[in-house]
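Visitor: I am new here and would like a friendly tour. Could you show me what we will be talking about?

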Amino acid sequence: MPPPPLEIHDMTVAYHRKPVLWDIDLTVPEGSLVGIVGPNGAGKSTALISVLGLIPLASGRVEIYGKPYARQRHQVGYVPQRESVDWDFPVTAMDVVLMGTYGRLGWIRRPGAAERHAARLCLAQVGMEAQADRQIRQLSGGQQQRVFLARALAQDARIYFMDEPFAGVDASTEQAIVRLLQALRDGGKTVIVVHHDLQTVADYFDHVILLNMRLIASGPTATTFTHENLHKAYGGRLTILDEAAEAVRRGPAP
Amino acid sequence: MTFLTWIVLIGTSLLGSVAGVLGCFAVLRRRALVGDLLSHAALPGLCLAFLVLGQRHFGGMLFGAFCTGLAGVGLVTLVCRWTRTKEDAAVGIVLSTFFGAGIVLSSVIQNQEGGGAKAGLESYIYGQAAGMVLQDVLWIAMVSAAALVVVVLLFKEFKVLSFDPAFARTQGWPTLALDLAMMGTLALVTVTGLPAVGVVLMAAMLILPGATARFWTERLGPMLVLSGILGAAPGTIGTLLSAGVVAGWLGFDPLAFGPTATNLPTGPLIVLSGTALFLFSVLFAPRRGAVARLWAAARLRSTTARENLLRTLYELSEPRLPDRPAIAVEQLLTHRAWRAWQARWLVRWMSWLGLVERTPEGARLSESGLGKARGLVRTHRLWERFLIERADIAPDHVDRDADMIEHLLGREIVDALEERLAAQGGPRDAVPQSPHEIRRTKDEGRMSKDK
């Protein structure tokens, strides 16, 4: 059996020694559209950026197609939260999308005609060709999000990680993004999305990961996105986990 | 111009140029204070190097400055990470600590026999561009060339690191090493510039050109080039002013305050020239400049006033269209928050534009004014209907809400609005009915005509 696109073993993540995710253990099947769902502060985004190696794991390991992330970067596309960058930065939409090709280019080589062509196609896929030469501050929130998506497309990956791609976009942009994600999935890619709108989970995703500091459930939407599991995830945080985390942060009692 | 002036001119321009290019990254990454930190933290390094070497050795002292400068930057990072101190406070603490240590060390040197003069430390604090010799310029040229090569080769890497470091890391770029390369190059340029402009003014050489260039361009590559030019220019101007060359050209000294004031120091003049360029850009840059923005705001206000006049005239004439009755100015005043003189002035202006015809009583729409007004009223009402139907705003409130927005609606949005309303069986092209009552004084139109 070929290795799955994402496998997480006993992953624990801590900020300033305070654990925010405990013992996450899951596998994501190939060619699926996966939603990471949970209440505010449940550690959804933290889980995503830990998998991408942006914060160190306190314990556990993550495998992408059976190998550690560091060796599989070329297979991975990433869409960060829109607020994570300075939109006043002097770059155009095209410049940002070209950044998706940097990983393939390697050191020193600049993007050439081939990369420009590829980037233009990615912009077209998200309906942003006309805005290619605009500075990114002049774009609307939804358009900025589309630029980030186009950059991930330019990475030409097998597995995509997206941090709240629907945050602050209008309904029609959301529909366009969903259709794009479904097209990726239908093309055999795996797409993992941090999502906070419970209403749409059942419509959008094949596979759901329910988080609240620990893994509540992970599996096909039909069997996982149930009342019972939702109640577990949203029915208040486990106070004892919070208290334990606080105790770890404070360190041993004097 | 003497040979010595040429030396100083080339040195300061090169230095300003390369400091400007690297400073762009510091400005864009909101690390503008790093330049300040680097230059202050360099002082103890200079002194230590002198104490160790026992003589004034340019390269050796710069190496010492480079080391303590980077140590200062590293220390700020550590303080931020391991204590709860915020970055600005950490910069302040480290900067003054290192500078204090530097002052103490330099007093030690000065107390040695003849040490102070030998070390020439004064020039590092206040800068002494006029004292530059050929060897210094060669050194500056070498450092500049190296720094530019780094920026040109790693342009793509620096760009992604500055814009989105997290993304850069997921792509596998060694962001820490790249950051070190960037800061190291910045530190190298900073310490090289110290003898010319001094500790305090070096920060301005790094920040001013980048901040100025940002006003004129929306892309990183052009910004770097422009910043290089905007760094070189003050170097040139400041040197020429200081050396009295400008005075020679003009036949009088523009900087002479009173009979004695000549020989002003080069470093401060360079920085002040840079500030002048910055101020010019703040005021006059297209789009981002203050004048352009005020101009855009004034244009919007005048468009708004003109469109409001046309729409008011149309709505007051509406019951009698296609006749174009004359409307009294007093009547206009009951509908708009205009003063009488504003309304009269507006009417005069619009009649000059051919959109309104002046009559003894007041004004009426001209043929072309009617066409234009029709379009405006249509936009206004389409938007009103959209607000009522989609945004659930009460019909008697909608007029004012629409008023604020409609002048800004582009062709695309109006078309989209039409599309939606047409889909609901609404009128196309025609001016829709107003969704709310339009207050017209009784006997409008006729009143002014009969008088």
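Visitor: What percentage of the 254 residues in chain A is made up of buried residues?
Guide: Keep in mind that this is a predicted model. A residue counts as buried if 20 or more other C-beta atoms lie within 10 Å of its own. By that rule, the buried part of the 254 residues in chain A is 41%.

Visitor: What is the radius of gyration of chain A?
Guide: The C-alpha trace of chain A spans about 60 × 40 × 40 Å along its principal axes. A compact globule with 254 residues would have a radius of gyration near 18 Å, so the value for chain A agrees with that. That value is 19 Å.

Visitor: Among contacts in chain A between residues at least 6 apart in sequence, what percentage joins residues at least 24 apart?
Guide: Chain A has 10 helices and 10 strands. Taking its contacts between residues at least 6 apart in sequence, the share that joins residues at least 24 apart is 71%.

Visitor: Is A:Glu164 buried or exposed?
Guide: A:Glu164 sits in the loop between E7 and helix H6 (171–186) of chain A. Its phi is positive, about 50°, although it is not a glycine. The cut-off for burial is 20 or more other C-beta atoms within 10 Å. A:Glu164 has 22 C-beta neighbours inside 10 Å, so it counts as buried.

Visitor: And where does A:Asp156 lie?
Guide: A:Asp156 is not a glycine, yet it has a positive phi of about 50°. It has 16 other C-beta atoms within 10 Å, so it is partly exposed. Its place is the loop between helix H5 (141–154) and strand E7 (159–163) of chain A.

Visitor: Which elements give two or more residues to the side of chain A that touches chain B?
Guide: In the pairing of the chains, 18 residues of chain A are in contact with 18 residues of chain B. On the side of chain A that touches chain B, the residues divide into 12 nonpolar, 4 polar and 2 charged. The elements giving two or more residues to that side are strand E6 (76–79) and helix H3 (102–105) of chain A.

How values were computed:
Residues are numbered from 1 along each chain as its sequence is written. Chains are lettered from A and ligands numbered from 1 in the order in which they are written. This is a predicted model: local features need pLDDT of at least 70, side-chain atom pairs count only at pLDDT 80 or more; totals for chains, interfaces and linings use all residues. Two residues are in contact if their C-beta atoms, placed from the backbone, lie within 7 Å. Helices (H or I, at least four residues) and strands (E, at least two) are DSSP runs, numbered from the N terminus. Ala, Val, Leu, Ile, Met, Phe, Trp, Tyr, Cys and Pro count as nonpolar, Asp, Glu, Lys and Arg as charged, and the others, Gly among them, as polar. A residue is buried if 20 or more other C-beta atoms lie within 10 Å of its own, exposed if 12 or fewer, and partly exposed in between; C-beta atoms are placed from the backbone. The radius of gyration is taken over C-alpha atoms; the globule rule is 2.2 Å times the number of residues to the power 0.38.
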